[in-house]
Amino acid sequence: MSDGAVPAIELKGISKAFGPVKANKDITMRVMPGTIHGIIGENGAGKSTLMSILYGFYKADAGEIFIAGTRTEIPDSQAAIAAGIGMVFQHFKLVENFTVLENVVLGAEEGALLRPSLAKARKLLKDLSDEYELHVDPDALIQDLGVGMQQRVEILKALYRQADILILDEPTGVLTPAEADHLFRILEGLKREGKTIVLITHKLREIMEITDTVSVMRRGEMTATVKTEGTSPEELAELMVGRKVLLRVDKKPAQPGETVLEVENLRVVDDKKVERLRGISLHVQAGEILGIAGVAGNGQSELLEVLGGMQRATGSVRINGQEIDLTGTKSDARTRRARGIAHVPEDRQREGLIMDFHAWENMAFGYHDADAYNRGLLMDNAEIRRDTEAKIEKFDIRPANCWQTAKNFSGGNQQKIVIARELERNPDLLLVGQPTRGVDIGAIEFIHQQIVALRDAGKAVLLVSVELDEILSLSDRIAVMFDGRIMGERLPSETDERELGLMMAGITDTDRQPTAKEVAENLAQSAGAVR
Amino acid sequence: MDKMPKWADIALVPLINLLLALIVSGLVVLSIGEDPVEAMQIMVRGAVGSTYGWGYTLFYATNFIFTGLAVAVAFHARLFNIGGEGQAQLGALGVGLVCLALPWPHWILALPFAILGGALFGAAWASIPAYLQARRGSHIVITTIMFNFIASALLVYLLVGPLKVPGSMAPETARFPEGTFLPTAREVFGWVGLTFARTPLNVSFVVGLIAAFGVWLLMWRTRLGYEIRAFGHSESAAVYAGINPFRITMITMLISGGLAGLMAVNAVMGEQQRLLQDNVLGAGFVGIAVALMGRSHPVGVLLAAVLFGALYQGGAELEFETSVPREMIVVIQALVILFTGALDGMVRGPLEKAFLRFRKQPKPGVPAE
């Protein structure tokens, strides 16, 4: 690649506004052919909007797109495909009960009869899988495949449509480290064949590991485009946020005290009679953070839901030595709160907040029958608002307006509302799921500090996260979950991402290097069982 | 940031909807060879041009306040109670039984018991679909509408059987004792020396206003209302907060059915003064339109109820004074329901866009998303 080459993609002056919000402001970007180009930025920085414009989902208000030097109008995704652009979305767009082959061909069938297209696709699939390590069984049903495999199907779909440019939107969000490594090997292979790859992510590590060039977006603007070799994670973080950011969590050694939470042989069977928790036993002491690592969907959500009183279970759970009700009328979230359990749920938009409620109404959510918030039969709304304003100030929630509805706050500020509400109750045990999912870097730092501060105040914290970095930097002890079981416990100082990654894939014998096939099979199996 | 200012959301959109409905109605009137302007004048004069008009308008409105509030309360929990018709019929039964049970000496004594009877019977009728929804997952839209038919059949059975006056040919109960007759607006105005035409408007209107205030208090000032609204917005979040979905579904539907049942205090006790077979006259269904147009807020419900009352009364005048047939009034009312309810998004969407376009630059500090 030389600087004199024609860019595979060139954007000139792209702008897009949604009402008063300028999602993209005068974006100019060149992606050279045969490179991996990273786009990094916080949530809401405009990365996805930009890619949606490139893929024809949105129409830009202004600006031009050049593909391989030719000015190209992309009014819809058909035009994008015609221009050789393929997109792998964060949320896969696959037909669950179709085979891999049928999904690949879907929408690109040639003629009214399926057979010739399928035969052609089968041959192509074989070639591609030999070439790029893109091994997928063409006759497997999508619903039987793990997420890593499903993602490969998405990539194959794009390649089948002869994409020269592949856009991947947060591709590693659902993958184990081993799967992510495999994906990167595939991407390297595609690059060698001359394909151009655009990788959208918020993970600095991935950018450093795989990209050639990286563009940084902040508040709808392209703030910098730099060669990856010539930059550092710290510099990129600063470019993303606009100020210096502490990437590591600064914390003192834990001082564990009495055991607060004791869980024994916890089991959950879901509506479809599938066992989601298969005998979980663990404990958390006061003044320590127990991190639960695992690929999403291996029972961590159910564990949090059971402890938070949202789901019934069998087994035994003790808080401060006292048994709690897991099946009866006292197994609800209200009773759990009364027992000193606070819960920052995994999905703040679906569970932690009422998106159409004002900030102040949300600040009482779950604690709305607290004495302080009530005066006789009526709720003391003025008191709730006063309390909310105090918390808004303490947790630096912006905008500082207790009348704003939750949906109009950014992801980070929504999460701060939940964190403020739960932490300020001074609980004995904090359950916290995905505390920084969809939260910008500046807020991540703050939220991590708050969780550590609670630990230092002698409280027990049970942390569930799919981000290994977060688990490694916050936890005092780490338990790995796979397929509804605890695979083992490790101390952060005595383990690394590789070992945890293998445990997350269900391989306990971590001294032996497992084959990629073993990992894939294990994950596919767990996906089938857990789904 | 909200898409448009609140006043536009709650006032401008319904007004534009109403205007559109009236324009289309005008075209329909024109198409049958009548003068739409004259028809409009007759309707307005008939509805609000005299104490007689106001009396009937507000009498009808009282019915719609109760049924509208019933739908609105349920809607806050995202329960679409379209069984107001049947619940009101059962409410009528409750009111009728109370009124016939004793030789009531004075309406002041009879009214609280009639309110209780109407509310209890309406609530009881709503409790079965509520239970089926909460425990069995049977969709409340289906069950409530089917319960309308059952209620109607039940009433027919009672009125041709156990409750019929012996020897009478009509499917109706005996006339209620005089001690249950509610004071009409004419009497109440008379007490302070004012004149008001003879209309069925009675003190139930005041009960309706109190009920509207009560609903407001419940929804926005009590824990129960908070839980109902939270549950309506997100059941999963409600479970997270320790709100019991079964309990909320049941309580909400009991309140909703009770409000629908209260309609009988106005229609049966206040006007008909006996239990008739068809005592609801479609008010249960109009309540849905009233709640939709009133955006499920008690003040909105009050205003929408008065509007629909005026349409009923103005429509009756129109039929009386012109050759516009009765069916045409139904068409006009249907158009209003269509535009304010079903076609709400047609106006709302473009209006939101217009507001966004004319809005100034975003304030600094507002995150882009």
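This is a predicted model: local features need pLDDT of at least 70, side-chain atom pairs count only at pLDDT 80 or more; totals for chains, interfaces and linings use all residues.
1. Across the interface of chain B and chain A, the rule finds two salt bridges, a salt bridge being a side-chain nitrogen of Lys or Arg within 4 Å of a carboxyl oxygen of Asp or Glu. One pairing to look at is Glu227(B) with Arg334(A), a salt bridge whose closest N and O atoms are 2.9 Å apart.

2. Residues are numbered from 1 along each chain as its sequence is written, chains are lettered from A and ligands numbered from 1 in the order in which they are written, and side-chain values use heavy atoms, with hydrogens and water left out.

3. How much area is buried between chain B and chain A? The value is about 3100 Å², and carbon and sulfur atoms give 56% of it; buried area here is the accessible area (1.4 Å probe) that two parts lose on being put together, summed over both. On the chain B side, Arg223(B), Tyr226(B) and Tyr240(B) lose the most area to chain A, together 29% of what that side buries. In residues, the contact (heavy atoms within 4.5 Å) takes 40 from chain A and 29 from chain B.

4. Between chain B and chain A, 18 residue pairs are in polar contact, both residues being at pLDDT 80 or more. The term stands for a pair of N or O atoms within 3.5 Å; within protein, one must be able to donate a hydrogen and the other to accept it, and residues adjacent in sequence count only if both atoms are side-chain atoms.

5. Which elements of chain B give two or more residues to the side that touches chain A? They are helix 8 (204–221), helix 9 (223–233) and helix 10 (235–240) of chain B, with helices (H or I, at least four residues) and strands (E, at least two) taken as DSSP runs numbered from the N terminus. Helix 9 of chain B gives the most, with six residues. By class, the side of chain B that touches chain A has 15 nonpolar, seven polar and seven charged residues. In that scheme Ala, Val, Leu, Ile, Met, Phe, Trp, Tyr, Cys and Pro count as nonpolar, Asp, Glu, Lys and Arg as charged, and the others, Gly among them, as polar.

6. Over all chains, the structure holds 43 salt bridges. One of them joins the side chains of Asp139(A) and Arg122(A) at 3.1 Å, N to O. Asp139(A) lies in the loop between helix 4 (114–132) and helix 5 (147–160) of chain A and Arg122(A) in helix 4 of chain A, so the pair ties together parts that are 17 residues apart in sequence. Asp139(A) is partly exposed at 43% relative accessibility, and Arg122(A) is partly exposed at 38%; the scale is buried under 20% relative accessible area, exposed over 50% and partly exposed in between (1.4 Å probe, protein chains only).

7. Helix 4 of chain A also holds Asp130(A) and Lys126(A), four residues apart, about one turn of the helix. Their side chains meet in a salt bridge (3.4 Å, N to O), and both residues are exposed. Elsewhere in chain A, Glu275(A) and Arg267(A) form a salt bridge at 2.9 Å, N to O. Arg205(A), Glu209(A), Asp469(A) and Glu497(A) are linked in a network of salt bridges.

8. Is helix 9 (residues 300–307) of chain A largely enclosed or exposed? Six of its eight residues are buried, so helix 9 of chain A is largely enclosed by the rest of the structure. The buried residues include Leu303(A), Leu304(A) and Leu307(A), along with Gln300(A) and Glu302(A). After helix 9 of chain A comes Gly309(A), with a positive phi near 85°.

9. Asn148(B), in helix 6 (residues 140–160) of chain B, is buried with a relative accessible area of 9%. The Asn148(B) side chain reaches the backbone oxygen of Ile82(B) at 3.2 Å. His182(A), in helix 6 (residues 177–192) of chain A, is buried at 8%.
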